[in-house]
Amino acid sequence: RKGQTEEAHFFSNDHESSSDAYKNFLSLLGQKVKLAGHKGYKGDFDITTDTTGTHAYYYAEESLEIMYHTSTLIPSLKDEGNQEIIRKRFVGNDITCIVFQEPGSALTFPIRSQFIHIYLVVSPIMIEDTLHYKFSLYRKDDVPAYPPELRDTVIVHGEEARKFVLAKVVNGHRAALRSPKLSKILTWMARQYVFVDLIEQARNTPRVKK
């Protein structure tokens, strides 16, 4: 939004006061689902007690499921340093971050994260009284280029825009996984999870008396 340049500003936005253009864009991403009792991919959301929100945008097809971490739908909870704990835990651990840039706002990327490697910037513009979106892409140097091609891309609100966003998100995720730095981080994390799991198994394994 206009005047927002810091991480705290980005994570302070609430859903109810968000613009119609923002909400219309969210409707392109997928279906707004109730998290409690959700049966599909949950994206680490709490689907029993609503501690991570009551609703989220979810997309599914035969071989693909996406649960979007929409910051304005995630509960606001700040620590002593005024940092949004829950919102940053989800958004900051994603590989691709979609930034909705409201008219008149400055383009900045203040979110401190070792995981975010791609920013897909969406700017709403009106052409002949019809909502369009201008797309821009920013990726880390070690993330290879990936389709679909983006060059001053402007698409009208609708199915074409939805397919474009979906392709950039999915293909971007795959491209980012080829980043040496990100691959190293994810490999290290996987080893830590295995190590912790082995410790838990050892703790829960009954000792055999000799």
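1. Asp50 sits in the loop between β1 and β2. Its phi is positive, about 65°, although Asp50 is not a glycine. Asp50 counts as partly exposed because its relative accessibility is 31%. Buried means under 20% relative accessible area, exposed means over 50%, and partly exposed lies in between (1.4 Å probe, protein chains only).

2. On the basis of the note: this is a predicted model, where local features need pLDDT of at least 70, side-chain atom pairs count only at pLDDT 80 or more, and totals for chains, interfaces and linings use all residues. Residues are numbered from 1 along each chain as its sequence is written, and side-chain values use heavy atoms, with hydrogens and water left out.

3. Asp44 also belongs to the loop between β1 (31-34) and β2 (55-61). Asp44 has a positive phi of about 70° and is not a glycine. Asp44 counts as exposed because its relative accessibility is 64%.

4. Now the overall layout. The protein has 5 helices and 7 strands. Along the sequence the pattern runs α-α-β-β-β-α-β-β-β-β-α-α. Helices (H or I, at least four residues) and strands (E, at least two) are DSSP runs, numbered from the N terminus. Of the 210 residues in the protein, 42% are buried.

5. Check the proline pair. Pro147 and Pro148 are joined by a cis peptide bond, with omega about -5°. Pro148 is in the loop between β6 and β7 (153-156).

6. The largest pocket has a volume of about 1,400 Å³. Of its 48 lining residues, the closest to the centre are His69, Asp94, Thr96, Cys97 and Ile98. Elements giving two or more residues to this lining are α2 (20-29), β3 (64-68), α3 (85-91), β4 (96-100), α4 (159-176) and α5 (180-204). The lining of the largest pocket divides into 27 nonpolar, 14 polar and 7 charged residues. Here Ala, Val, Leu, Ile, Met, Phe, Trp, Tyr, Cys and Pro count as nonpolar, Asp, Glu, Lys and Arg as charged, and the others, Gly among them, as polar.

7. Terms for the voids. On a 1 Å grid over the protein atoms alone, a pocket is an open set of points with protein on both sides within 12 Å along at least five of seven lines; in a cavity, a 1.4 Å probe fits but cannot get out; lining residues have an atom within 4 Å of a point. Points are joined across faces, edges and corners, and volume is the space filled by probe spheres set on them.

8. How many cavities of 30 Å³ or more does a search of the whole structure find? The search finds 1. The largest cavity has a volume of about 30 Å³. Leu28, Leu29, Tyr59, Tyr68, Arg162, Val165 and Leu166 line it. Both α2 and α4 give two or more residues to that lining. The largest share, 3 residues, comes from α4. The cavity lining has 6 nonpolar residues, no polar residues and 1 charged residue.

9. Last, the surface. Tyr138 lies in strand β6 (residues 130-139). Tyr138 is partly exposed, at 36% relative accessible area.
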